Amino acid sequence: MSDSKKKYILHLADNALILGHRLSEWCGHGPVLEQDIAMSNIALDLIGQARNWYQLRARLDEADITEDDLAYLRDIRQYRNLLLLEQENQDFAYTVVRQFLWDSYHHALLSDLMDSSDQDLRAVAQKSFKEVQYHLKWSSEWMIRLGDGTEISHQKMQTALNDLWYYADECFVSSEYEEELVKNNVITDPSILAKAVKKMREEIIQRATLDFPEEVYAQRGGKEGIHTEQMGYILADLQYMQRTYPNAKW
Amino acid sequence: MQSGSTQLRVGRQRVMQALETVCDPEVPVLTILDLGIVRSIENVEDIWQIDITPTYSGCPAMNMIEANIRLTLDARGIKNYRINTVLEPAWTTDWMSEAGRKKLKEYGIAPPQASPHQFKLFGDQQLLECPRCESTNTECISQFGSTSCKALYRCLDCKEPFDYFKCH
């Protein structure tokens, strides 16, 4: 059980870190100042959440490790984030759709973890949940505004939605460590969360006047450390400093 | 000779007085007591256990606040203390003091309104008062502002933009 819990915490931490990193790439490049600030704020929340998860994971480790060891010194196969979150920003439409698909799940997940029998998971989930409410508002609003916007914005959103749909449902497919935690009544089976999340996604996609994408094979592997090619580039960027100058501090 | 309980009371007062001078680096009119960041001060075996809680997970001010607490206590000769960060229960703007709310408004930031009991995705925008002209004819520009804790608003009467310390 404790091994599964450790892996699960890493999964949660990596999700937050990788999407936080992606959003931080927008800093200084947003379409308008207010949205540049919004994306940087969401990135900051996520990186803060990642720190809380990594600190928790480090505390549970037998070895004397820190949050930084986990964020900066692991290799690609040891990262357990969802594939959706490592996908490139592309344009604002992709970024909004990626954020919405994630927020709709993240919101339901944290809301559930807030009542977990595990005190560690509960504490970080409670803290993160309040922030994620604002994230979900932001991404839902933009889904509707751009989907139900101009002909061009509608088309860009539809393309982004169709492309990212391959990664939309990986979150609902349980990994071995999730299965074990479900068995021990620590977390709810992700496939049970799926019902509410899918309903919410449908509602917003409909309000955004977008076509619901056809059912596709859900790409998976992220939870077990099998990533898309985008992931290597992120880690190169993220870890460059610690790899080049080990233990550098400032 | 002071009795043990008097000594404790005096000691506690010294710690409180010190903490009252530590301000939020981003919103310098608020002390950490106004913000509700300090959750408890207990004396356990002659060590002051000071529990603090972060406002937002990624708030960069937290590291500085902790450093400032240390500097302040050290400067006042209070040596036997330990600062613990606690996450649960999660910080809420409902913990902000009345004095804090008043100071915020005077500083030009609209203070947080009561937390809504139920989360609504749309249409729960609250009627906010402009901290300058007190008109409620205001609108939200963005839920995200210059720091994690603030949203951007503008007053449609006096035309001034202003920050809102959003409820959390």
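In which hand does α5(A) pass α6(A)? In this predicted model, the crossing of α5(A) with α6(A) is left-handed. The two elements are helix α5 (residues 92–113) and helix α6 (residues 119–147) of chain A, whose axes come within 7 Å and cross at roughly 145°. Sorted by residue class, the contact of α5(A) with α6(A) comprises 13 nonpolar, ten polar and two charged residues.

In chain B, three strands form an open sheet in the order β1-β2-β3, and the pairing is mixed. Strands β1 (38–44) and β3 (81–85) of chain B are the edge strands, each pairing on one side only. With direction ignored, neighbouring strands of this sheet are turned against each other by 20° on average. Strands of a sheet pair through backbone hydrogen bonds, in either a parallel or an antiparallel manner. β1(B) and strand β2 (residues 47–52) of chain B run antiparallel and are joined by six bridges. Opposite Trp48(B) in β2(B) stands Asn43(B). Helix α1 (residues 4–19) of chain B lies across β1 and β2 of chain B, and its direction is at about 150° to β1(B).

The domain assignment divides chain B into domain 1 (4–91) and domain 2 (98–165). A distance of 28 Å separates the C-alpha centres of domain 1 of chain B and domain 2 of chain B. Ten residues from domain 1 of chain B and nine residues from domain 2 of chain B take part in the contact. On the side of domain 1 of chain B that touches domain 2 of chain B, six residues are nonpolar, two are polar and two are charged.

Technical notes
Residues numbered from 1 in each chain as written. Chains lettered and ligands numbered in written order. Predicted model: local features only at pLDDT ≥ 70, side-chain atom pairs only at ≥ 80, totals over all residues. Domains from an automatic or database assignment. Contact = placed C-beta atoms within 7 Å. Nonpolar A, V, L, I, M, F, W, Y, C, P; charged D, E, K, R; others polar. Axes fitted to C-alpha atoms, helices over the stretch in contact; angles between N-to-C directions. Helix = DSSP H or I, 4+ residues; strand = E, 2+ residues; numbered from the N terminus. Left-handed = near helix turned anticlockwise from the far one by under 90°. Pairing = 2+ DSSP bridges.
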